[in-house]
Every structure is written in structure tokens, then in C-alpha cells.
Amino acid sequence: MEKLIITVAPTGAWPTKKDTPYVPITPEEIAQEVYNCWKAGASIAHIHVREDDESPSMNFDKFKETVTLIRERKDCDIILNLTTSGGIGLTDEERMKPFVELRPEMASFDAGTMNWQHRTVFENRPDFLEKLAQTQKENKVKPELEIFDAGMLYNTLYLVEKGLLEPPLHYQFCLGVPGGTAATVENFMHMKSILPQGATFSAFAIGRMHLTILFMTIITGGHVRVGMEDNVLLSKGVLATSNVEFVERVKRVAKEFQREIATPAEAREILGLKR
Ligand code: ZN
């Protein structure tokens, strides 16, 4: 099996300090957490930023500050993956500006629209997806194809046919979000079974199925994403005191399965990152 790529998502649009005091919020806190996770073995950092009041944000200045602080640590060669979905009701340009201006090696690509947690619409219109794919291609930013249900995977195949997405494709199965596919072993295996040939994939589940999906992806040759964007609990009733604890747990599990952890350089090789 390929070496295992660990992505850390240290902070998402959620949680806040009220949910867990350990979530990094400011650019300084996020950059320090990314550095610590890289030291522990993460090779990709999926980055969100927040406003000063902790609300979800696509504030370009916050992205710039965070990315600059990470890049200033010269020994740290972690792969940056910036979100394009830091909130709702944003313009297409606001969503794309961070990766266009800051040129990370990767950025997220949410491959369809969904009713987000029965509350609101997570909008990714067909014309936006085409524009996003085109802009990522022009900027040589590899899309992390985030798939919340099987239909989204088929959306990506349509874009491959149109020449907007180019293999090798990399998928992220995001399971257990209300409004998307439930996190079950059967759903995981179905999604894996419809992957196009040659694609790499990673997976995570939010909530109590997190560990099950973590084990499934490790034993079936996938890669993993961990972090407080998806989970704040290390075990029932126990908050993780840092994102590093999630990375450390992946390493323990992977060791038992005799799967080695990929360095950032090896992850670049596996994902076909060219610059
Ligand atoms: Zn995210």
C-alpha cells in the first residue's frame, strides 16, 4: 500500500472557543498549530480562517497573514490546502481569491450543492464549479474534490469529460454531515467503488463514526483527514487538547497496520503535485 498522507484541518467554519477552548482561531494560533501538526507527521494542512469574533470567514487578509506565518517557518514544508468554502453567501471571487493570490499547492473543491445540516443551502452551482475548476487549472492549484454524497462524485466525472478537471484526481469523502451521506461502512465502500481509475482518496466522518471511517480508509489504501474542523472529541466526553493528538492517534493506528506515514515530499509524489 501507498504511504499514508495525513491531512490536518485544525479549524473550520466551526467550532468556537465556547465549544472547545483548544481550537485555534487567530492567524498566529492556526499557524502554530499547523507547525506542531507538521512536526507530528501531518503532510497537508487544510486551512480556514475566522474573523476576530470567531465567525466563519473568507477574509483575504486573514488568509494572507496565516499563510505568511506558516511559510516563514522555513523548516516546515507542509502542503497548503486553502478552503474555498469559508462561509455562505459569498461571491465566487471572494471564494477563489485566497488561492489565486496566495498560490497554495491545493485548494478545496466542493463538488455540488446540498442542504447543509437541514438549515441552509451550501451552494456550488454548476457554473461556479466550472469556473472554479478552470481557475484552479490556470493557477496550477490541485483541487481536493470534497464529496458529501455519490452524486457529487458524478459531477466531477462530468467536469473531467469537459476537460476542466484533469487526472490524477484526489477525492475527500466527507461523511456524516446532515444533508449528505451518512457515515457507514457500506456508504464508504460504495463511494470507494465508484472512484475513477487512478484516483487517490482520503476520508473522514464527523461525529461518532469518525474512528470507524478512519480505520476503514487506512485499511483500504486511502488517506486520512483529522482535526477540529471535523471533530473536537478525542473519545466520548473527552476534548482533544490540540490537533496534534488526532495526528498522533493516526500514527498509532497506521503503525499497527504497518502502513508508513508519508512525508510532505512523498505526499507531493503520490498526489502528482508539480510545483
Ligand atoms: Zn474545510
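User: Before we start, what pLDDT do local features need here?
Analyst: In this predicted model, local features need pLDDT of at least 70 and side-chain atom pairs count only at pLDDT 80 or more, while totals for chains, interfaces and linings use all residues. Residues are numbered from 1 along each chain as its sequence is written, and side-chain values use heavy atoms, with hydrogens and water left out.

User: Is H46 buried or exposed?
Analyst: H46 is buried, with a relative accessible area of 1%. E229 is buried as well, at 19%. Buried means under 20% relative accessible area, exposed over 50%, and partly exposed in between (1.4 Å probe, protein chains only).

User: Changing topic: how much space lies in the largest pocket?
Analyst: The largest pocket holds about 950 Å³ of space. Of its 37 lining residues, W14, W116, Q117, I206 and E229 are the closest to its centre. On a 1 Å grid over the protein atoms alone, a cavity is a set of points where a 1.4 Å probe fits but cannot get out, and a pocket is an open set with protein on both sides within 12 Å along at least five of seven lines; lining residues have an atom within 4 Å of a point. Grid points are joined across faces, edges and corners, and a volume is the space filled by probe spheres set on the points.

User: Which element gives the largest share of that lining in the largest pocket?
Analyst: β13 does, with three residues. The lining of the largest pocket divides into 15 nonpolar, 13 polar and nine charged residues. Ala, Val, Leu, Ile, Met, Phe, Trp, Tyr, Cys and Pro count as nonpolar, Asp, Glu, Lys and Arg as charged, and the others, Gly among them, as polar.

User: What volume has the second largest pocket?
Analyst: Its volume is about 400 Å³. The second largest pocket has 21 lining residues, with K140, V141, K142, E166 and K274 nearest its centre. At least two lining residues each come from α4 (126-138) and β9 (142-147). By type, the lining of the second largest pocket has 11 nonpolar, three polar and seven charged residues.

User: Where is E146 found?
Analyst: E146 is in strand β9 and counts as buried, at 6% relative accessibility. Leaving aside neighbours within four places in sequence, E146 is in contact (heavy atoms within 4.5 Å) with residues including H46, D110, C174 and R225.

User: On to the backbone: which residues does a cis peptide bond join?
Analyst: A cis peptide bond joins W14 and P15, with omega about 0 degrees; P15 is in the loop between β1 (6-8) and α1 (27-40). The bond from P167 to P168 is also cis, with omega near 0 degrees, and P168 lies in the loop between α5 (150-161) and β10 (170-175).

User: What is phi of R103?
Analyst: Phi of R103 is near 50 degrees, a positive value in a residue other than glycine. R103 is partly exposed, with a relative accessible area of 34%. H118, not a glycine either, has a positive phi of about 60 degrees; H118 is exposed, at 67%.

Technical notes:
Helices (H or I, at least four residues) and strands (E, at least two) are DSSP runs, numbered from the N terminus.
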